[in-house]
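Let's walk through this model together, with the sequence and the coordinates side by side.

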Amino acid sequence: MPLIRQLSQSLINKIAAGEVIERPASVVKELLENAVDAGATRIDVTAGGGGSELIRIVDNGCGIAAEQLSLAVASHATSKLAEADDLFRVGTLGFRGEALASIAEVSRTVIRSRPSESESGAELEVSGGRLGEITPCGCPAGTTIEVHNLFFNTPVRRKFLRTTQTEFSHISEAFTRIALGSPQIHFTLKHNERNVFELPASDGWVERIAKLFGRDLADNLIYIESSGGSDESVRLAGYAAKPTHSRGNNRMQYLFLNGRYIRDRALQHALGEAYRGMLTTGRFPIAFLTLDMPPELIDVNVHPTKLEVRFQDSGQLYGQLLATLRSKFLTTDMNTYVQSADSDPKEVDEDRAKQTAMRQELVDWAKHEVSAWKGSPDGDRPRSERSSGDGFPRESSPLSLRRLDQPSAIPAGGEGARHDCGRPGCRSSESQETAGITRGVDSRAVQIHNRYLVTEAEDGVMVVDQHALHERILYEQLRHRISEGPVETQSLLVPEPVDLSPAEAATATENIELLGKLGMKIEPFGGDTVLISGYPAMLANINPGEVLRELLDHLMAGGKDPNLEDLLDELLHAIACKAAVKAGDHLSPEEVSDLLKQRHLVDDPHHCPHGRPTALIFTREELDKQFKRI
Ligand code: ADP
Ligand code: MG
């Protein structure tokens, strides 16, 4: 029979540390939370060697009295909680009293602190959980905590650490989350003597977002806010980025619940839904949102790092977020921002009013066309060829009919051209009205709603999604070029510096060789900047920095072992999508014609690279059936 033994406190702490402290970024998160809780107005973070050599956090908060220092590093010792166990009822970020104990167990931790009312400070060193002497020291008011040699006594943890750059990118993310949560606090972040962020205190989010993610994003945000729930006690506010600014993953969706950063799948999904039709598959919206609600509406969750929570009524929240975004988008002219829209008409046009308007346009157009054909001797010719004296302004019509260059040889009529339903007064209109348009494939096409091309197919009517088709064509062309040889690099006369986010920079420097194989030649240029000295020659028309970011997005999403083929393929997809005409682009008659002509050149004309169909065909037989002719 095995003996049951009480674990030593040190072992208990190590196990607890395993839960809370996974990597250097976890230390940064915990220490930053403590500094925020201490009421600091300025917090400076320094990391060395990806945080495993050193993490130093200096705050000007309330400080810890000398006689309390050893308690601060004791487990289950906290100043933040008396008895309540609801973490969201607590006004502080920490409350479990475990962080300092855990950190001190797996590193050499030095704490120096002075409450502002004390004359001198005190210092305590804890190495691998062993407390040293508390000694007086001179220091500014506030607390400085240094964590040296993280995981020195837990080699397994140490072994699992990734490269310095990767670990630092996690630190940078942890820092970003806390810095977004408290824009009123002045934060700085330094890595290996390099200043990464300098974030002065700011009233609102826009300035902080600008400093963290760049002015361009900050200038392209849409403010949203709403109240919901049974007594309007659920308040949602923040910013969503215009669809021109999206990401290849959902990491740029920052959500703060009662001041604490959380991740919530349902809310991420609601965001995706709200942008449906405005972003292509594989792109994710960017958002910064705060959610404030009474704590009793949140179920206590035991997630050790408190990253996930359970809402009592997540359906209500989902609905509120979706409705808020949608109604905001409707009153904002999103179309001019849309970069690459999905084109499923069902999803795009969910707004009923818009749908009705579109339908009305279509009906009006059809009426005009029919009466024009009937009333004029050259009525079988496209309207654009006629004089505009028909009272139908040519340019302003959203649905102008176009003629394609090449009339086809397929004769009018064809087998089974006439199907009368037999009722008095009803006869097939084909022999008269359609005689002129039975010219065969692509002889006549119309662009509708600046997004679909409607044309005749040999066996019916074809509706082509202009973006999806163009994307497919470009993709095939790029693939073809690649199959003919290795990716050719176009050297830049003057290397181009590109500023990246810390995570992107880390990914870039870790994958220099792989990127080289894709034709992208880069080198580190200090900080989060890299120099592009050459890039894939086939992408001559696209900004090299954009290509690089695209590649990095895919690399970051792909995890540890990216497959070169897949990456290349994803890149081609992404590039084709970027370069293709968009839903909403008005095309000239020549462009319409060109696009449809090239349709026959691609291997798989039926699907865009994302797998959506490029064209729908309503067969003649199907139409006949629907109209009860057969
Ligand atoms: P928790 O934050 O859950 O209370 P910690 O182990 O992180 O637990 O910290 C233990 C205690 O040490 C805190 O409750 C707080 O009183 C004190 N403390 C930690 N960091 C600081 C700091 N930067 N400034 C002031 N007090 C601190
Ligand atoms: Mg804490």
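Predicted model: local features only at pLDDT ≥ 70, side-chain atom pairs only at ≥ 80, totals over all residues.

Residues are numbered from 1 along each chain as its sequence is written, chains are lettered from A and ligands numbered from 1 in the order in which they are written, and side-chain values use heavy atoms, leaving out hydrogens and water.

Side chains of opposite charge can pair when their charged atoms come close. Here a salt bridge means a side-chain nitrogen of Lys or Arg within 4 Å of a carboxyl oxygen of Asp or Glu. The count by this rule is 18 salt bridges.

One of them pairs glutamate 225 with arginine 235, at 2.9 Å from N to O. This pair links distant parts of the chain: glutamate 225 sits in strand β9 (residues 221-228) and arginine 235 in strand β10 (residues 234-241), ten residues apart. Helices (H or I, at least four residues) and strands (E, at least two) are DSSP runs, numbered from the N terminus. Glutamate 225 has a relative accessible area of 43% and is partly exposed, because that term covers values between buried (under 20%) and exposed (over 50%), with a 1.4 Å probe and protein chains only. Arginine 235, at 37%, is partly exposed too.

Now turn to glutamate 504 and arginine 549, whose side chains form a salt bridge at 4.0 Å, N to O. Their positions are 45 residues apart, with glutamate 504 in helix α15 (residues 502-510) and arginine 549 in helix α17 (residues 544-558). Glutamate 504 has 4% relative accessibility, so it counts as buried, while arginine 549, at 33%, counts as partly exposed. Elsewhere, salt bridges with shared partners join Arg56, Arg112, Glu123 and Glu146 into one network. Lysine 29 and glutamate 30 also meet in a salt bridge (3.8 Å, N to O), and both residues are buried.

Next, find helix α18 (residues 564-579). Among the buried residues of α18 are Leu567, Leu568, Leu571 and Leu572.

Finally, look at helix α1 (residues 9-20), where isoleucine 15 has its place. Isoleucine 15 is partly exposed, at 48% relative accessible area.
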